[in-house]
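Thank you all for making time this morning. I would like to walk through one model with you, going contact by contact, and I will give the cut-offs as the terms come up.

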Amino acid sequence: MANSDPSKRSTRPGQWTPAPESAAMPPSTWAKRTGFRPKFSGETNASNSGQIISQPKSREVDTTPDLEAGRPRLGPSSNGEPASVKPPANKEREKEQKQPVKKRRDSNADKKPRENVQSAMAAVAEEGSQRPVRNQEGDAVDVLQRTVVDDDGFVSRHTNMKYELRDTPGVVPIGLYGFQHYLSMLGSLILIPLVIVPAMGGTYEDTANVISTTLFMTGVTTLLHTSFGSRLPLIQGPSFVYLAPALAIINSPEFLQLNGNNFKHIMKELQGAVIIGSAFQAFLGYSGLMTILLRVINPVVVSPTIAAVGLSFYSYGFSRLGACVEIGAMQILLVVIFSLYLRKVSVLDHRVFLIYAVPLGLAITWGTAFLLTEAGVYNYKGCDVNVPSSNIISDHCRKHVSRMKYCRVDTSDALRSSPWFRFPYPLQWGMPVFHWKMALVMCVVSIISSVDSVGSYHASSLLVASRPPTPGIVSRGIGLEGLSSVLAGLWGTGTGSTTLTENVHTIAVTKMGSRRAIELGACVLIILSLIGKVEGFIASIPEVMVAALLCFTWAMLTALGLSNLRYSEAGSSRNIIIVGLSLFFSLSIPAYLQQYGVSPNTNLSVPSYFQPYIVASHGPIRTKFGGLNYVLNTLLSLNMVIAFVVAVILDNTVPGSRLERGVYVWSAPEVARREPAVCKDYELPYRVGRVFKWVKWVGM
């Protein structure tokens, strides 16, 4: 009879025997009996209180690679067996395991990328690293990045990326991929001017001019950031983080009494607030305070904060789309079909429907609306869309004037009136006006913008760089974002210029992380901003189509915010409660302030979709200091501010392990300086880094 004691069991030569320290296995659980494997790192058990607790890990037995720290993480493997003591099945695998994995691929010289990827993945599988997630059909899901580990234990090349940070495949591929990258983010670049300029009473010409300025500053600030900021391939532009406070300032009580075209007057107020708030963000980065703030910014904080940005505009989306339901619904339906149902369809090895879902849906819907307009579907006898609603006498025309205004595509003269050439210049709207109460609101918003950027830095670095940046590099990037927003305030874009949240999704979909491609695309964007007809064409997009695109974009922003939970234990009851409370209070508290003091019969002077942004005129905080009332009522009505405050307090006071919280792990400065690849990824060009050598907190 065979001996049941593993320590006394006889073994044949070459047969694997468990190590003595790994003989004591944890008790069988429901997860092991059913074959369930959690998606967060490490194996977990549920305690009696519902808290998910990590199993204690032995430092000698697990070498699962830590994607954040760049070194193997110690702990049990997914099947409960020690990952480091399992020998290869044969001698050939042993030879493959001994072969060093190539860190980076030369984009011009690699002739067999498929074989290299397969061999790299085989080596990773033998070392116990995380395998790619697969769906029921067996197709790899592009959710988590694939990595390989070199002999020194550092995370090496991401095999699912076509081009990494420093790859330069040639002018033509760089130009094509750069243009593709910006085109896939078209909605994020142009939608904010299409919302705030009409809210300020601006004309179609004003809208075209602001779009021109926005595209110009997007190109300039992106070049600055890829050269002197974090140096990651991240597009800088008008972030939706600034949209809600901008609308709150636009609808301030002192502006509601003005009549006529108040565009320039309100724009100068916005410029002053953006400049002061951005200067505070620059101080936050370059002074080193950002490195202290990084200690309390984790995925559990970033996730509800960014999700609240997208959820905060629910009152604007469908209320504007409902003005012409058939056109708006068609726009949303096409974007959903392209981005979801046709996302795996490839043309010339490009997922065109997934990458170009927004521009393709916009083009088809616009073309359909043009055909319906020319066919006379929206023509009504004796009615003229150019006649103001107050001057319309006929009940027949008054009934159909809304459909004529919002369904037709020929109501805008932006394309006809725009010049062929226009150069944006600073202070084009006049000298900025500074008010401390509006500037203080923007200072708080700049902190939220920095939180958004921190999440984008970490996620993008795992995709395209050799290691995550150091805290000093993050501070340097935040400081340059502040300076970029100061420039945006001087030029008059209406918002600050910061890292767009959609960057990470675009990089993961296009698999293009080349810094040169982003820089070349930024140069093309600057050239396009000088052509006035391009901005006139964009400004003539019907308002209903803009609202439909905003519905999709804000939904994507919410999902991208929640996706940050993948760096933490998303199944932990601690994290679930924190995120749930943050999101609920981010909707409930602003709703209370928005309804306070407003009776059902109150005749408000703003449309219903702008009423969430007039809290300053009727909020519950009513002290004898009017400026303080404005600041507190406005900040408490911003969903993202409530979500950030609740999340940052709970995440940093409720006990939880670093693995459970998903604490961001940044590269240590001394380790980064020893790694040539990290230095090449993040060091400043043209020997500019020598200027910052004495400032230890804004570099490596």
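I will take the disulfide, then the salt bridges, then the aromatic rings, and finish with some backbone and surface details.

Before that, a word on conventions: this is a predicted model, in which local features need pLDDT of at least 70 and side-chain atom pairs count only at pLDDT 80 or more, while totals for chains, interfaces and linings use all residues. Residues are numbered from 1 along each chain as its sequence is written, and side-chain values use heavy atoms, with hydrogens and water left out.

Let me start with the cysteines. Taking a disulfide as a pair of cysteine sulfur atoms within 2.5 Å, a search of the whole structure finds 1 disulfide. It is formed by Cys 324 and Cys 407, whose sulfur atoms are 2.0 Å apart. Cys 324 lies in the loop between α12 (314-321) and α13 (325-341) and Cys 407 in helix α16 (residues 395-407), so the pair ties together parts that are 83 residues apart in sequence. Helices here are DSSP runs of H or I with at least four residues, strands are runs of E with at least two, and both are numbered from the N terminus. The torsion about the S-S bond of Cys 324 and Cys 407 is about 120°, so this disulfide is right-handed. For burial, I call a residue buried under 20% relative accessible area, exposed over 50% and partly exposed in between, with a 1.4 Å probe and protein chains only. On that scale Cys 324 is buried at 1%, and Cys 407 is also buried, at 1%.

Now to the charged side chains. A salt bridge is counted when a side-chain nitrogen of Lys or Arg is within 4 Å of a carboxyl oxygen of Asp or Glu, and by this rule the count comes to 6. One of them joins Lys 437 to Glu 254, with the closest N and O atoms 3.3 Å apart. Lys 437 lies in helix α18 and Glu 254 in helix α8 (residues 253-256), so this pair ties together parts that are 183 residues apart in sequence. Lys 437 is buried, with a relative accessible area of 18%, whereas Glu 254 is partly exposed at 34%. Lys 437 has a further contact, in that its charged end sits over the ring of Tyr 630, 4.7 Å from the ring centre; the criterion is that NZ of Lys or CZ of Arg is within 6 Å of the ring centre and within 35 degrees of the ring normal.

What, then, links Arg 574 to Asp 651? Their side chains meet in a salt bridge, at 3.0 Å from N to O. The pair links distant parts of the chain, with Arg 574 in helix α24 (residues 573-595) and Asp 651 in helix α26 (residues 639-653), 77 residues apart. Arg 574 is buried at 4%, and Asp 651 is buried at 0%. Together with Arg 661, Arg 574 and Asp 651 are linked in a network of salt bridges.

Turning to the rings, Phe, Tyr and Trp (its six-membered ring) pair if their centres lie within 6.5 Å, with planes under 30 degrees apart counted as stacked, over 60 as edge-to-face and the rest as tilted. A search of the whole structure finds 11 aromatic pairs. Among them is the tilted pair of Tyr 664 and Trp 666, at 5.7 Å centre to centre and 55° between the planes. Tyr 664 is buried at 5%, and Trp 666 is buried at 13%. Elsewhere, ring pairs link Phe 240, Phe 313, Tyr 316 and Trp 554 into a cluster.

Two backbone details deserve a look. Arg 231, in the loop between α6 and β5, has phi near 70°, a positive value in a residue other than glycine, and Arg 231 is buried at 7%. Leu 427, in the loop between α17 (414-417) and α18 (436-464), likewise has a positive phi, near 60°, and Leu 427 is partly exposed at 34%.

Last, the surface: Val 171, Phe 179, Leu 520 and Val 524 make a nonpolar patch of about 370 Å². The elements giving two or more residues to this patch are α4 (171-184) and α21 (515-529). Patches are made of residues with over 30% relative accessible area and no salt bridge, joining like charges within 9 Å and nonpolar side chains (Val, Leu, Ile, Met, Phe, Trp, Tyr) within 5 Å, and accessible areas come from the Shrake-Rupley method with a 1.4 Å probe, where for residues only the protein chains shown count as cover.
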